[in-house]
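Please open the structure in the viewer and follow the stops below in order. The tour begins with the whole chain and ends at a single side chain.

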Amino acid sequence: MWQGRFITAWREGRWEYVGRARNIHAAVILAVDDGHVLLVEQYRMPLKAQCLELPAGLVGDETEGEAIETAAARELEEETGYRPAHIELLGRFASSPGMVSETFTLVRATGLEKVGDGGGDGHEDIIVHRVPLAEVPAFVDAKRAKGCAMDVKLLLLLGSAYLQA
């Protein structure tokens, strides 16, 4: 139906869905350092709001054939200012399979070294949060109360708190 630089829209029968153009996919980074998780907050145009997320970035958007580990390490440093010693692939997941063909690879970043301030590239204006794991549910609640949107991938960190009766 339509293709832009990063997104393609398709119609197949009665299904309409969107996905990434040019075989681009995303790496989502679980970065835990000394009992703290790195989260990022940035304005997301589709939501018209700030959004709290795990760090993430596109793989292959500028360099065809880019390794997931390379992209994840680059994006983590760019967004958070932390450089990982190791990137471990944890698996591929579908973002919203009822309407989006996009998938992402979840990675774990370890051996983190603070090498900069982060904040993303010139137009991203990313806020970095280093949150104690035990305080993630309260941190999320406080951000939500201030109108911040929550990325679904945060459920990875909230699962045990939500499963408790």
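Display the protein as a cartoon: the model, which is predicted, contains 3 helices and 13 strands. Its radius of gyration is 16 Å, close to the 15 Å that the globule rule gives for 165 residues, so the protein is as compact as a globular protein of that length. Turn the view along the principal axes; the C-alpha trace spans about 50 × 40 × 30 Å.

Next, consider the contacts within the fold. Of those between residues at least 6 apart in sequence, 60% join residues at least 24 apart.

Now show the surface. The protein exposes about 9,600 Å², and carbon and sulfur atoms supply 53% of this area. Of the 165 residues, 39% count as buried. Colour the charged side chains: there are 17 positive and 25 negative ones, and the centres of the two sets lie 6 Å apart.

Hide the surface and select strand E12, residues 127–132, where His129 lies. Is His129 buried or exposed? His129 has a relative accessible area of 13%, and because buried means under 20%, His129 is buried.

Then display the residues around His129. Leaving aside residues up to four places away in sequence, His129 touches Val37, Leu38, Leu39 and Glu41, together with Leu52, Phe139 and Lys143. With which side chain does the side chain of His129 make a polar contact? Select Glu41: its side chain makes that contact with the side chain of His129, at 2.8 Å.

Definitions and conventions. Residues numbered from 1 in each chain as written. Predicted model: local features only at pLDDT ≥ 70, side-chain atom pairs only at ≥ 80, totals over all residues. Heavy atoms only, no water. Helix = DSSP H or I, 4+ residues; strand = E, 2+ residues; numbered from the N terminus. Rg over C-alpha atoms; globule rule 2.2 N^0.38 Å. Buried < 20%, exposed > 50% of the residue type's maximum accessible area, 1.4 Å probe, protein only. Contact = heavy atoms within 4.5 Å. Areas by Shrake-Rupley, 256 points an atom, 1.4 Å probe, with all protein chains shown as cover. Lys, Arg positive; Asp, Glu negative; His and termini not counted. Charge placed at Lys NZ, Arg CZ, Asp CG, Glu CD. Polar contact = N/O pair within 3.5 Å; in protein donor to acceptor, adjacent residues only side chain to side chain.
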